[in-house]
Amino acid sequence: MKIAVYPGSFDPITNGHMDIIKRASRIFDKLIVAVVRNPNKVATFTVAERVELIKKAVKDLPNVEVDHFEGLLVDFMRKKNARVIIKGLRAVSDFEYEFQMALMNRKLDPNIETLFMMTSYKYSYLSSSVVKEIGRLGGCIGELVPEVVLPDIQKKLINS
Ligand code: ADP
């Protein structure tokens, strides 16, 4: 069984993330979307909220699982029996950091491969930060996040 892990902050999930999830789920037997708990990063949504939002958004994709982890990604991967890390690439600006992470993860565990998927061009400008900025100011985020979680995200952002 080919299992891949798609790690990220997902603070909150966007249509850019969904695009990668749908496309990766067609390639692998199982895709685990893994929310990273990063103690050094201030998040708007709690890990539990982020996991819930993703679960709602992927409920029609039967081979997609949602989980969270803290610590090293390679440890989480080994625990899940997964050998492929999925990463989305938006722009050249994503590349340098992702390149470094991919090489470091391979050094930590040579059996693990990182696979990069290019964003669909209509999502290339989209990030969780943009969603948060527009949402907090009361702007329309309707086309930026999955419809099923739009009210939850709007409510949280207006109150944060
Ligand atoms: P961000 O806060 O920048 O949206 P995340 O940590 O939540 O970042 O992103 C998780 C993964 O999803 C990363 O591999 C990131 O490159 C990718 N990603 C984020 N937004 C998009 C998008 N619009 N299109 C493709 N990939 C994306």
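Contact here means heavy atoms within 4.5 Å. This is a predicted model, in which local features need pLDDT of at least 70 and side-chain atom pairs count only at pLDDT 80 or more, while totals for chains, interfaces and linings use all residues. Residues are numbered from 1 along each chain as its sequence is written, and side-chain values use heavy atoms, with hydrogens and water left out. Helices (H or I, at least four residues) and strands (E, at least two) are DSSP runs, numbered from the N terminus. Buried means under 20% relative accessible area, exposed means over 50%, and partly exposed lies in between (1.4 Å probe, protein chains only).

**Ligand site**

- The ligand is surrounded by 17 residues, and the closest are Y6, F10, G88, T119 and Y123; a residue counts as near if one of its heavy atoms lies within 4 Å of the molecule.
- Y6 places a polar side-chain atom 2.6 Å from an oxygen atom of the ligand.
- A polar contact is a pair of N or O atoms within 3.5 Å; within protein, one must be able to donate a hydrogen and the other to accept it, and residues adjacent in sequence count only if both atoms are side-chain atoms.
- From F10, a backbone N or O atom lies 2.9 Å from an oxygen atom of the ligand.
- From Y123, a backbone N or O atom lies 2.9 Å from a nitrogen atom of the ligand.
- On its own the ligand has 550 Å² of accessible area, and the protein covers 88% of this; the areas come from the Shrake-Rupley method with a 1.4 Å probe, and for residues only the protein chains shown count as cover.

**The loop between β1 and α1**

- F10 belongs to the loop between β1 and α1, and its phi is positive, about 50°, although F10 is not a glycine.
- F10 counts as buried, at 2% relative accessibility.
- D11 lies in the loop between β1 and α1 and is buried, with a relative accessible area of 5%.
- A polar atom of the D11 side chain lies 2.9 Å from the backbone nitrogen of T44, and the D11 side chain reaches the backbone nitrogen of F45 at 2.8 Å.
- Not counting residues up to four places away in sequence, D11 touches A43, T44, F45, R50, S128 and K132.
- The peptide bond from D11 to P12 is cis, with omega near 5°, and P12 is found in the loop between β1 and α1.

**Nonpolar cores**

- A nonpolar core is a set of buried Ala, Val, Leu, Ile, Met, Phe, Trp, Tyr and Cys residues joined through side-chain atoms within 4.5 Å.
- The largest core has 34 residues, of which I21, L31, I86 and I153 touch the most other members.
- At least two residues of this core come from each of β1 (3-8), α1 (15-25), β2 (30-36), α2, β3 (64-69), β4 (84-89) and α6.
- With five residues, α2 gives the most to this core.
- A second, separate core has twelve residues, including V5, F69, V74 and M77.
- In soluble globular proteins, nonpolar side chains tend to be buried together.

**Helix α6**

- The buried residues L150, I153 and L157 are in helix α6 (residues 150-158).
- Leaving aside neighbours within four places in sequence, I153 is in contact with P12, I13, F45, L53, V131, I141 and V145.

- Helix α3 (residues 73-80) has L73, V74, F76 and M77 as its buried residues.
- Down the axis of α3, these buried residues fall within an arc of 160°, so they line one face of the helix.
- Elements covering the buried residues of α3 include β1, β2, β3, β4 and α4.
- N81 follows α3 and is found in the loop between α3 and β4.
- The phi of N81 is near 65°, a positive value in a residue other than glycine, and N81 counts as exposed at 64% relative accessibility.
- E98 lies in helix α4 (residues 92-108) and counts as buried at 11% relative accessibility.
- Leaving aside neighbours within four places in sequence, E98 is in contact with K87, L89 and F116.

How values were computed:
Arc of directions from axis to C-beta.
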